[in-house]
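Visitor: I am new to this structure and would like to learn how to read it. Please show it to me, and then take me through some of its features.

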Amino acid sequence: MKSSLPWVALAVSLGFVLVAGYQWDDGEERVLVNNKCKCVTVTSKFVPSKDNPEEEVLERNIRIIVPLKSRENISDPTSPLRTTFVYRMTELCKKCDPVEIELGGETYQAQQSNSCNEPETCYTYNRDKCYTTTFPFVYHGETKHIQAALTPTSCYAE
Amino acid sequence: MVCRSNLTWNARRMTLLAFILLLSFLPAESAKSRYPPKTSLNPVFGPQQVYGLIDGSVSIKCFYPPTTVNRHDRKYWCRESSRSCLTVVSTSGYRARGYQGRVTIVDFPEQGIMLVNISQLTLADQGTYQCGIGLNGKGLSNRVSLDISEGPNIPEEAELFYVELQGSVSMACDFGEDYASTRKFLCKMEKSGCRNIIDTYGKIDSDFQGRILLSNENTEGAFSVMITQVDWEDAGLYLCGVGSYGEYGETKELDLHVYEGTKAAQGKHTIFGVKGSSATIDCHYDPTKNYSLKYLCKWRTTGCARIIDNTGFLPGPYEGRVAMFDNPKNGTFSIVLNQLSSRDEGFYWCMTDDHRERRTSKELKIVEGECGLTGKEEVQAEVGSRVDLTCSYPCKYYSYEKYWCKWSRDGCTPLTSSDQSHPGLDVSCDTANKTLILSLDPVTVEDQGWYWCGVKHNGHYGETMAVSLQVDGGKAANISPELLDLEASNAAAAPDEAVPQGRANSDAGVQRAAASESSEQSSGSSTLALILGPIGAALLVLAAAFAVFKYRQIRRSDLVSVGSYRTNISMSDFENAREYGANDNVCMKQSQETQLGGDEFVTTTANTESTAETKKAKRGSKEDADLAYSASLLTPSTTTQSPAGDSTAPAEAPPLWGGSV
């Protein structure tokens, strides 16, 4: 009786996993990736298979908006127009938001991937970020470099 | 002592169990919340369908996350055509031809709401529109279908609720006095019908356990439902109603939308507390606002029983074991609960008097384990003598800030050596033995009470240990006669033993050794105790084993284990009586209708507490022992003086406990 307790617990928790799994595939479309930097969203949902209508398969939808008028360096309006756009699924699917884990009663922040500190090349502006540039301004024969907002609505102070 | 270290077998089993559970729960929990639904891509939310009358007017309210950029960006209302969405009106001042003088858009950036009003409606206005943010129609918009009819009746629109992820929401419904005594419920619309979420019969959906509350409002027939820790899965259409869905009564539609906010996640929802040790619940609030009331309450299916608030309210069973530490600078109040027992397991809610404030709920789970902080938990002293309260801490707390404080209903006042207002006190840290000693020299009657030893790390309150100090003011000691007979008949100097006069000690063991050295009488008493203790314990174990064996023999035909059988039966009996309205107790009926907030709540708290207490009293013998143990903590006694005293305590305590509730 006593030794069977952990097995019961295991069975119960496996049940939870299955229930959770069942909740997941309730036919609703889920967001796997929402990369605002490269303007890519990846969603997936279960749909009836074309080969076997009784079977459900996971359909993955990848939506990419290519900003054809963006510059090589989006923070520099004088840089040339971007002509190459590279989308790597492995990079897009990378999880870089930290998770909280508890170790010995203490809560720590843990990184979910090992290459999250590398700078990411963005193809478009992130609405939540303020992008600025400097431009030369001649006044009374004197040239000054003045900072200007590229995305004014995103540049308000709190 | 509850934090036993000799229960390694049990502890190991528990860790294994916890490990298995954790291993299987972690992926389950994350799989559920890792991938948000597609609706999360568009955070702008508004009605899907609005109805207007010819020559009448409609008003459309759209919500957006009040981030800096959203607050300053352009808001628009456009009409969908075959290829694009043509702007009707925008906050930059544009107004399309044909709409001049009859359409307005007003932005409330602080609340994250835009309001569109169209008047002098004609049939030509019927169509599909969008309310949105920005310069183009990419992503940040909500589609609204406008229906124009001649009337006179137009369908009622769903009430909209816009809730931040992990935030909380309060939904109010009022169906009038006619339904004052009818069943009230909230259900969620799904493909198969309306799934019951909560009702006044105490039925709560498993997904909402511990994070939903239904409370009656001041007016008859009105009620409100509060949900915390709102997740993506909670978005959707709900019905609140009276009666029964699809059968009788009335309903109202509630449309709930979840958006990802900018505020940081509020930490973990589950807190693990070691039995006998303490747990800290951190509650967050808006530091820019001024609250007259902040409190913590324990969730029940019928309401939320207040445990502590900032005005000094504290029910009896929590005396000396719960304290609130407010930090207005970063907007947190931490509640520390110590002397944990399995009865403390459950859901706790952080509350303020502001209805709009996000509320947090945490689940407290009690696990077996070792306490970090140890020391003598009950100390008796005589007026004028010196007493040292000791608190030993493990190496893991070496770098932590450690403190002693004096507990009161209003909090725990730190005691430091620099405290000039209390000259007889001194806090010193014995780093060699890793013991924090609080010396009271001389002890006065005012010093009687609860003292807490605790650790702090980065401003976060960690483990605490409570010590009850009993001061004898020259009057007769408050010890029960049986105890005196047993222990102090030949040694009349029992209080002397408890007060190590003029001596610093690091823990109870040392103190006993020191006491036996100093006086022959007390050594005699402890020898007696040493002999009597093991014999008594052995006899008890034998008797218990025999009783269990006998009972098993009797019950063998049922093939049910003793413990679980008893516990389950007594529990379910009580629950049934409670749920299906066996009206045997007027107080219980009241407690079922517990209000949230307000004066009424305070008055009913004691009832819920006491009914819970009687409920617990019906449980198995193990819980009885726990109860007795906590009772012995609450009552002033010297039971921990000798091993023999320990075995008498459970027999002594229950009547005292009953009196203190």
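**Strands, sheets and core**

Guide: Strand 3 and strand 4 of chain B run antiparallel and are joined by five bridges. This is a predicted model, in which local features need pLDDT of at least 70 and side-chain atom pairs count only at pLDDT 80 or more, while totals for chains, interfaces and linings use all residues. Residues are numbered from 1 along each chain as its sequence is written, and chains are lettered from A and ligands numbered from 1 in the order in which they are written.

Visitor: How are strands numbered, and what counts as pairing?

Guide: Helices (H or I, at least four residues) and strands (E, at least two) are DSSP runs, numbered from the N terminus. Two strands pair if DSSP finds at least two bridges between them. Here, a hairpin of four residues links strand 3 to strand 4 of chain B, and B:Arg79 stands opposite B:Leu86 in strand 4. Strand 3 (residues 75-80) also pairs with strand 7 (residues 127-133) of chain B, antiparallel and over five bridges. There B:Cys78 stands opposite B:Gln130 of strand 7.

Visitor: What is the strand order in the open sheet of five strands?

Guide: The order is 1-8-7-3-4 in chain B, with mixed pairing. Strand 1 (49-53) and strand 4 (85-90) each have a single partner strand, so one side of each is left without a neighbour in the sheet.

Visitor: Which strands form the open sheet of three?

Guide: That sheet has the order 18-22-21 in chain B, with antiparallel pairing. Strand 18 (279-284) and strand 21 (322-327) stand at its edges. Strand 21 pairs with strand 22 (residues 332-337) over six bridges, and B:Met324 has B:Ile335 in strand 22 as its bridge partner.

Visitor: What else is B:Ile335 in contact with, leaving aside its neighbours within four places in sequence?

Guide: Two residues are in contact if their C-beta atoms, placed from the backbone, lie within 7 Å. Besides B:Met324, B:Ile335 is in contact with B:Ile281, B:Cys283, B:Leu296, B:Ile308 and B:Val322.

Visitor: How many residues are in the largest nonpolar core?

Guide: A nonpolar core is a set of buried Ala, Val, Leu, Ile, Met, Phe, Trp, Tyr and Cys residues joined through C-beta atoms within 7 Å. A residue is buried if 20 or more other C-beta atoms lie within 10 Å of its own. The largest core has 106 residues, and those touching the most other members include B:Ile335, B:Trp77 and B:Leu296. Strand 32 (residues 460-472) of chain B gives the largest share of this core, six residues.

Methods. A residue is buried if 20 or more other C-beta atoms lie within 10 Å of its own, exposed if 12 or fewer, and partly exposed in between; C-beta atoms are placed from the backbone.
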